[in-house]
Amino acid sequence: STNSNSNAILGMTLEIKSVSDEWATVTVDTDKEKVIEEIKNMVQAYTDLNDLISYLDAYDQETSEPGVLFGDTNVRKLMEDINDMFYLVFNPNNLSYYDVEKQAAAKGQQTYTWMDLGLSLTAKNTNSDGTGSWYSSMDLDMDKLNEMVSGNWDLLYEIMAGQRNASNTNLDSTVKPTAVFNGTAADKFSPDNAVNGDTNKSSWGANNGFMAEGTIAQGQNEYTIYFQKPTTISRLSIYHQDSATALKNFTVEYLDSATGKWETLRDIKSNSVDANHLGLALPTTVQAIRINASSTNAEDGKFRLLDVQVFEDTGLAGKLNQLTTALGDTTSGWFSERNTEVKSTITDIEEQMERLQERMDKKEESLWKRFNAMESALGSLQNQSNYFSSMMDSMSTGKKAK
């Protein structure tokens, strides 16, 4: 709908300026100094956040004055979640951190943490009574960071921004085209036929592509990828054999693990390219991906897919980005939910105040009625008293006259 696209290349926004018959080449250069600068900015941002929340959650023993957020367990949980991100382990082999034997057999590859980049957390008490130890100070060892940037750039990239094809490593056995698969073992169709990471067009066929009997190429128009467990993905790529046989009109959906509902990621119309690269605005935890085609560019009318790749972040920065993006989401993020909770609490208090005011008004009205009745009775009693006083005076005057 606009000339701006932030989904084509992760971390980049493309501004389309004009139409051309020629291919445009985008060159991305490595800026190591910028990476160092951003890591230093991250440390400062963490420190600023930590200092602010520490102040709001503090309790002054001398004045007995609590901070605005003192004792708020939600704030404590927020800081614990953020701190957990800086204790994450990057695991190139996707092995258990404690599986020493497998780690040793993995050709020397090891796990990495933020400490390998020079970052470290130190727990500290923020309150004079010794509480608040869930807050930490963050330190940066510049020598360590410079050494990593200058001598291990490729490793740094993997540690920070690594991704893996989850549709190739995390498949459920129920990956299938449509709800029913009518093929046989002789068709050599297996769940990873179209999700094996193979985008080589020469591999197209019953063994490696997606043309076996009963598959999408034989008239089925729906293909679903199920995952063994809920998987947080940030982007996916759909590869066709070529533009002439590519799916033309199709919808890409995901099964949201949080809601259990199918949501539309992209509705693609008049597709004429051999690959579609789609990004999610927010990292989303999904249980499945579904491609539903309504038409194809192929002259024989068959629906074909060469490969589908669904990527999840494995790098430390990617994981941190997932958390902070989710926290800051304006509709479902932590701050949005807390804002809603606080507003709800305020509304409840206001409603309680209104009910109390109504009770006070009714009580006041009742008291006024009683007071008025008492005042009326008192007035009547006073009139009677005056009457009797007058009569007594009259009688006393009459006796003196005789």
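Q: Which strand holds aspartate 256?
A: Keep in mind that this is a predicted model. Aspartate 256 sits in the strand covering residues 247-256. That strand is β10.

Q: Is aspartate 256 buried or exposed?
A: The cut-off for buried is under 20% relative accessible area. Aspartate 256 has 14%, so it falls on that side of the cut-off. That makes aspartate 256 buried.

Q: Which residues does aspartate 256 contact, leaving aside its neighbours within four places in sequence?
A: Contact here means heavy atoms within 4.5 Å. With those sequence neighbours set aside, aspartate 256 touches Lys261, Glu263, Thr284 and Thr285.

Q: How far apart in space are aspartate 256 and isoleucine 289?
A: Along the sequence, 33 residues separate aspartate 256 and isoleucine 289. In space, going C-alpha to C-alpha, the separation is 9.3 Å.

Q: Which helix do aspartate 81 and lysine 77 both lie in?
A: These two form a salt bridge, with their closest N and O atoms 2.8 Å apart. They are 4 residues apart, which is about one turn of the helix. The helix spans residues 73-85 and is α2.

Q: Is lysine 77 buried or partly exposed?
A: Buried would need under 20% relative accessible area, and exposed would need over 50%. Lysine 77 comes in at 44%, so it lands in between.

Q: How many residues apart in sequence are the parts tied together by arginine 164 and glutamate 312?
A: The side chains of arginine 164 and glutamate 312 meet in a salt bridge, 2.5 Å from N to O. Arginine 164 is in strand β7 and glutamate 312 is in strand β13, so the pair ties together parts whose separation in sequence is 148 residues.

Q: Is lysine 269 buried or exposed?
A: Lysine 269 pairs up with aspartate 267 in a salt bridge of 3.7 Å, N to O. Exposed takes over 50% relative accessible area. Lysine 269 has 57%, so it counts as exposed.

Q: Which helix does glutamate 354 lie in?
A: Glutamate 354 belongs to a negative surface patch, along with Asp348, Glu350, Glu351, Glu358, Asp361 and Glu364. Its helix runs over residues 334-401 and is α8.

Q: How many strands does the chain have?
A: The chain has 402 residues, and 34% of them count as buried. Its secondary structure includes 8 helices. The strands come to 13.

Key:
Residues numbered from 1 in each chain as written. Predicted model: local features only at pLDDT ≥ 70, side-chain atom pairs only at ≥ 80, totals over all residues. Heavy atoms only, no water. Helix = DSSP H or I, 4+ residues; strand = E, 2+ residues; numbered from the N terminus. Buried < 20%, exposed > 50% of the residue type's maximum accessible area, 1.4 Å probe, protein only. Patch = residues over 30% accessible without salt bridge, like charges linked within 9 Å, V, L, I, M, F, W, Y side chains within 5 Å. Areas by Shrake-Rupley, 256 points an atom, 1.4 Å probe, with all protein chains shown as cover. Salt bridge = Lys/Arg side-chain N within 4 Å of Asp/Glu carboxyl O. Lys, Arg positive; Asp, Glu negative; His and termini not counted. Charge placed at Lys NZ, Arg CZ, Asp CG, Glu CD.
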